[in-house]
Amino acid sequence: MAEARCAVHEPSVPHASEEEYQRNIYNEWRRSLVRRFYRTRNLLYNGMWPTSIWNLAAMVVILTITMVTDTQLMKPVNERLWKVQHMLYIPKGLPLVVNAVITSCVVGFWFFLIKIYVRRYLLRGLLSYRGWMYEQPKTQSFSTLIWGILVKLISGYSPKLYSCQSSLARMPVPALRDTLSKLLDSLEPLYGEDIGKWNKLKQDAADFERGYGPKLQRILVLKSWWCNNYVTDWWEKYVYLSSRGPLPINSNYYILDQEHWTPSPIQTARISSTVYNLLKFKQLRDRETLKPLLIRNTIPVCMAQYEKMFSTTRIPGEECDTLLTHNSTVSKHIAVFRKGVLYRCEMYDKNGRLLTPTLIQKQLDWIINDADKHADSYSREEKTVPSLTGQERAKWCKIRDRHFSEGVNRETMDMIEKAMFCLTLETEIYETMSERGQYLLCKNDGKLWYDKCFNLVSFPDGRMGCNSEHSYADAPIIAHLLEYNYTAEALGHCGFQKDGSLTPDPEDSQYILSLPTRHIWEITPDLRTAIVEAGKFCQMNADDLDLCLRELTVYGKGFMKSCKVSPDAFIQMALQVTYFKNAGKFALTYESSMTRLYLQGRTETVRSLSSDSVAFVKAFLDKSVPKATTINLLRRACNRHQDAYRDAMSGQGIDRHLFALYVISKGMGYDCEFLKEALTIPWTLSTSQQPQQQIATSPDCNLPQYRHALCPGGGFGPVSDDGYGVSYMIPGDHKVFFHVSSKRSTPGTDSVKFMDQLFETFVELKELFSKD
């Protein structure tokens with residue numbers, strides 16, 4: 001048993017003098033004041049944005065000068081200001097200037113408050129305009145140019161991370177008739193040949209529009225008036241946290257590092273630099289000095305999801321999970337796994353300073369040496385406790401309540417939950433992207449704590465990757481975090497020497513370190529059985545995953561744009577062709593789109609399958625159809641898809657609206673079969689384009705010196721058991737990365753075959769535009 005041996009390393013602590021204790025108390029008091037200062041400053045700054053304290057000061061100065069100067073022009077203003085001065089009951093006998101300053105401060109403050117709310121609501125109204133989205137940046141209309149100028153003028157300068165939140169528009173509820181019309185248009189290609197079923201669906205839609213629909217719509221509109229977002233809270237609760245399936249494959253996703261390059265082949269050097277960069281990013285987030293993302297350097301997006309990206313754990317529940325986020329005062333460490341041995345590794349020294357990369361490497365090297373000494377004395381069950389987080393949520397909840405609620409296990413669990421994130425120091429090398437992707441997603445033999453906000457994984461050859469929990473934030477948020485690190489590595493800002501080692505920091509000797517602490521589990525017979533069963537369950541799911549990753553080098557975004565279509569729409573049409581080749585039929589297709597132009601927005605569904613895409617696919621595969629006709633059909637289908645994508649970003653999508661109506665119907669006890677049927681049609685083809693270059697200072701992907709350092713992005717599991725999950729990254733004009741997943745247990749799916757057919761389709765599409 002683990003508790004029977006000396007498994008927890010307690011670092012030797014030298015006897016501290018009274019002077020040292022007083023210094024430690026002083027340092028902790030100073031750090032507390034600094035944290036309070038930043039919180040108060042940010043609260044005031046965000047509360048005043050888009051104005052600033054200098055606006056108030058300028059107003060007070062102007063009013064004071066107006067009161068003390070006696071000019072005929074300002075006489076009416078002076079008279080009103082002095083009337084206000086008499087109303088304030090200012091003591092008599094004070095100098096004129098003092099009276100003027102006091103009156104100016106009071107009046108200026110009220111005018112300042114009015115100015116704050118006028119500018120804020122004007123900006124919110126301007127940001128509700130979506131016409132810019134339907135125009136190309138180089139061919140914008142005069143009205144859109146004027147709108148952009150007004151947004152720039154009314155917006156404050158240098159916004160902090162959350163400054164724009166109060167000025168973002170609330171997501172509108174689409175008209176019920178428009179949503180139903182779009183729904184039927186998207187489903188017609190699936191049911192068009194089954195006349196009976198198609199007619200019934202149209203009749204059910206008409207009955208819903210005349211029956212329950214209007215009442216549910218009115219309630220939803222009412223909610224949209226008093227909620228920040230009419231759907232996000234329900235989406236997080238009922239889609240993510242209430243899902244009872246296992247997190248690997250079904251919910252969590254992975255992100256890889258650079259494809260052909262690593263800044264250092266030394267495992268601890270590379271991951272130490274990464275950990276340092278991520279914690280610098282966290283520091284910027286905590287102080288709100290991280291710049292908010294702006295589209296076209298003008299339009300802000302919601303940054304609310306950044307609040308939970310560190311120190312967050314998904315706690316399993318019997319019917320619904322919860323998210324637990326710890327603040328920075330208790331969360332200053334990371335949880336490190338090495339050969340199944342678990343450590344608490346402090347990231348700040350005893351004076352509260354973030355450790356340098358070389359000191360972090362020193363800590364991780366110590367962990368590797370210690371784990372290598374003790375790993376053989378651990379049983380397999382002790383090493384694979386994390387596999388419990390990879391099984392069904394209700395079952396994990398019961399095990400957690402029974403075995404991790406007290407004693408040593410509760411203490412170890414607290415350590416993990418309070419950690420900023422988890423890090424796994426792997427001992428095996430995985431050569432290909434597909435192998436690393438499978439490891440990061442699920443095939444890791446119980447080494448990742450799937451409940452944690454994200455798990456970093458470091459491989460012995462310097463490679464790394466990430467597995468992220470999905471409920472608290474969408475992929476672009478973690479992608480932004482990792483891009484911050486990858487950008488620093490590509491630009492050479494991480495201090496690696498030619499041999500891959502880190503450049504020593506001359507100030508390292510000034511840090512007072514706490515050695516990592518080894519934590520243990522108390523494994524009872526019942527818990528041992530549960531771990532074995534969880535391991536088998538996770539392995540069964542991992543073996544069923546068929547994941548294939550490749551890069552398309554025939555062409556990239558540059559050629560797609562030369563075809564006068566959107567690159568994303570071009571790829572979506574290629575996927576439609578490929579699936580038809582693969583399955584001999586069309587499939588309901590999901591593409592994820594963001595709604596972060598609205599307060600607390602997350603995602604919306606773009607339905608890629610349409611009558612126009614069907615017409616293009618049939619013409620493309622029919623070699624008797626002239627090329628010109630096929631090209632016209634492609635452009636028509638792409639334009640329709642791009643409009644659907646814009647509608648989704650503008651809050652005019654289909655699925656979140658229907659989902660919110662369904663939640664209301666269930667809450668009111670209505671049995672609405674139409675909504676249930678519409679929302680349960682399986683997404684056979686689930687797709688997502690991954691964001692790239694969210695940071696303005698990221699190097700240009702098209703420059704030759706940076707093409708080797710491109711990140712292929714990440715992927716996820718298939719949504720439907722008999723379908724495919726496809727994610728893709730378009731890093732520049734010369735290549736595209738694809739991640740295709742499916743289930744081996746389904747007879748009709750094969751990820752490698754699908755990828756082969758997809759690349760064949762891209763070659764054929766290039767031939768379509770070639771001159772004979």
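1. A salt bridge is counted here when a side-chain nitrogen of Lys or Arg lies within 4 Å of a carboxyl oxygen of Asp or Glu. D612 and R636 meet this criterion, with their closest N and O atoms 3.3 Å apart. D612 lies in helix α20 (residues 611-621) and R636 in helix α21 (residues 627-649), so the pair ties together parts that are 24 residues apart in sequence. Helices are DSSP runs of H or I with at least four residues, strands are runs of E with at least two, and both are numbered from the N terminus.

2. This is a predicted model, in which local features need pLDDT of at least 70 and side-chain atom pairs count only at pLDDT 80 or more, while totals for chains, interfaces and linings use all residues. Residues are numbered from 1 along each chain as its sequence is written, and side-chain values use heavy atoms, with hydrogens and water left out.

3. D612 is buried, at 13% relative accessible area, whereas R636 counts as exposed at 53%. Buried stands for under 20% relative accessible area, exposed for over 50% and partly exposed for values in between (1.4 Å probe, protein chains only).

4. The structure holds 42 salt bridges. Another one of them joins E381 to R528, the closest N and O atoms being 2.9 Å apart. This pair links distant parts of the chain: E381 belongs to helix α12 (residues 380-383) and R528 to helix α17 (residues 525-544), 147 residues apart. E381 is buried, with a relative accessible area of 17%; R528, at 27%, is partly exposed.

5. R646 is buried at 11% relative accessible area, and D643 is partly exposed at 34%. Elsewhere, salt bridges that share partners join R244, R314, D321, R393, D451 and E469 into one network.

6. Turning to the rings, the structure holds 34 aromatic pairs. F559 and F570 form an edge-to-face pair, 6.4 Å centre to centre with 90° between the planes. The pair links distant parts of the chain, with F559 in helix α18 (residues 557-562) and F570 in helix α19 (residues 567-583), 11 residues apart. Both F559 and F570 are buried. The rings considered are those of Phe, Tyr and Trp (its six-membered ring), which pair if their centres lie within 6.5 Å; planes under 30 degrees apart count as stacked, over 60 as edge-to-face and the rest as tilted.

7. F738 and F762 form a tilted pair, with 5.5 Å between centres and 45° between planes. F738 lies in strand β18 (residues 736-743) and F762 in helix α24 (residues 751-768), so this contact ties together parts that are 24 residues apart in sequence. F738 is buried at 1% relative accessibility, and F762 is buried at 0%.

8. The two ring pairs belong to one aromatic cluster, formed by Y555, F559, F570, Y728, F738, F759, F762 and F769.

9. Two arginines sit over aromatic rings. R130 lies over the face of Y598, at 4.6 Å from the ring centre, and R656 lies over the face of W235, at 3.7 Å from the ring centre. The criterion is NZ of Lys or CZ of Arg within 6 Å of the ring centre and within 35 degrees of the ring normal.
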